[in-house]
Amino acid sequence: MDISQKDVENSKNSHPLGTNPYFRFNSSSKHIEDQVFKCRGIIINERFWNRIRDELTELLKDQGPLVLYQLGLSYGVDVGFQGRSLTNDSANTIKFLEYYGLLAGWGRFETSDFQLNDGRIGEGVIVKIRDSFFAQTTKNHTGIPSCYFVSGLLAGIAEGLFEEGHHCLEKRCLSTGSEFCEFIIRRNVGDPTSNF
Ligand SMILES: [Zn+2]
């Protein structure tokens, strides 16, 4: 699927109710097909995700957050790398991926405007996610943001898009009572603030 300007424009508006151009059930193959990344998909619900997260957390104890972050990072690199081939403009790619995430049910992504210096992000990039699926399923009272999988995912997407390592820290989280989840993405290399 080639991403047209129309797709980018669609991403700025709400899509008509009940239609989802990126995920379709193919009545011949009996598969749900991801039209963007050309692969089979499944629908998971929050019960399924809760089981995965809770089991990982229980089995891995203190390492659970790191493993969730790494899972997100690995997948994010793949998404970012493939996203680069969809449009030739990183701002358009990000707008498109925000829309893809919305239609995949992840939440409403808002990426701050940022400048590229020599193809690299200069300062930190802020990403807000409103009504995040992953935060909605994690009510916690620790006060600590806990969307480790999504943090890793965003760092990975940045790595895939800009071809160098990034890290991502969640500054506030819906699951701890904030209005939305807010993340900051920074480059790993040459960034004196990278040790968080
Ligand atoms: Zn969160």
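In helix α2, residues Arg53, Leu56, Thr57 and Leu60 meet Gly64, Val67 and Leu68 of helix α3; here, two residues are in contact if their C-beta atoms, placed from the backbone, lie within 7 Å. By class, this contact of α2 with α3 has four nonpolar, two polar and one charged residues. In this classification Ala, Val, Leu, Ile, Met, Phe, Trp, Tyr, Cys and Pro count as nonpolar, Asp, Glu, Lys and Arg as charged, and the others, Gly among them, as polar. Two packed helices are described by the angle between their axes and the distance between the axes. For α2 (residues 46-60) and α3, the axes come within 8 Å and cross at roughly 130°. Axes are lines fitted to C-alpha atoms, for helices over the stretch in contact, and angles run from 0 to 180 degrees between N-to-C directions. The two helices α2 and α3 are therefore oblique to each other, given that angles under 35 degrees count as roughly parallel, over 145 as roughly antiparallel, 65 to 115 as roughly perpendicular and the rest as oblique.

The structure is a predicted model, in which local features need pLDDT of at least 70 and side-chain atom pairs count only at pLDDT 80 or more, while totals for chains, interfaces and linings use all residues. Residues are numbered from 1 along each chain as its sequence is written. The protein has six helices and nine strands; helices (H or I, at least four residues) and strands (E, at least two) are DSSP runs, numbered from the N terminus.

Three strands form an open sheet in the order β1-β2-β3, with antiparallel pairing. Two strands pair if DSSP finds at least two bridges between them. The edge strands, β1 and β3, each pair on one side only, and the twist averages 45° from one strand to the next. Strand β1 (residues 23-26) is joined to β2 (residues 31-34) by four bridges. In this pairing Phe23 has Asp34 as its bridge partner, and Arg24 stands opposite Glu33. Glu33 also stands opposite Arg40 in β3. Strands β2 and β3 (residues 39-41) pair over three bridges. The hairpin of β1 and β2 has four residues between the strands, and Lys30 takes a positive phi near 65°. In the hairpin of β2 and β3, also with four residues between the strands, Lys38 takes a positive phi near 55°.

Tyr22 is found in the loop between α1 (5-11) and β1. Beyond four places in sequence, Tyr22 is in contact with Asp34, Gln35, Val36, Tyr100 and Leu103. Tyr22 and Tyr100 are 78 residues apart along the chain, and their C-alpha atoms are separated by 7.3 Å. Tyr22 counts as partly exposed because it has 18 C-beta neighbours inside 10 Å. A residue is buried if 20 or more other C-beta atoms, placed from the backbone, lie within 10 Å of its own, exposed if 12 or fewer, and partly exposed in between. Buried residues make up 31% of the 196 residues in the protein.

The largest nonpolar core holds 34 residues, of which Cys147, Leu154 and Ile185 touch the most other members. Such a core is a set of buried Ala, Val, Leu, Ile, Met, Phe, Trp, Tyr and Cys residues joined through C-beta atoms within 7 Å. Helix α6 gives the most to this core, with nine residues. Leaving out residues up to four places away in sequence, Cys147 touches Ser132, Phe134, Ala135, Glu170, Cys173 and Cys181.
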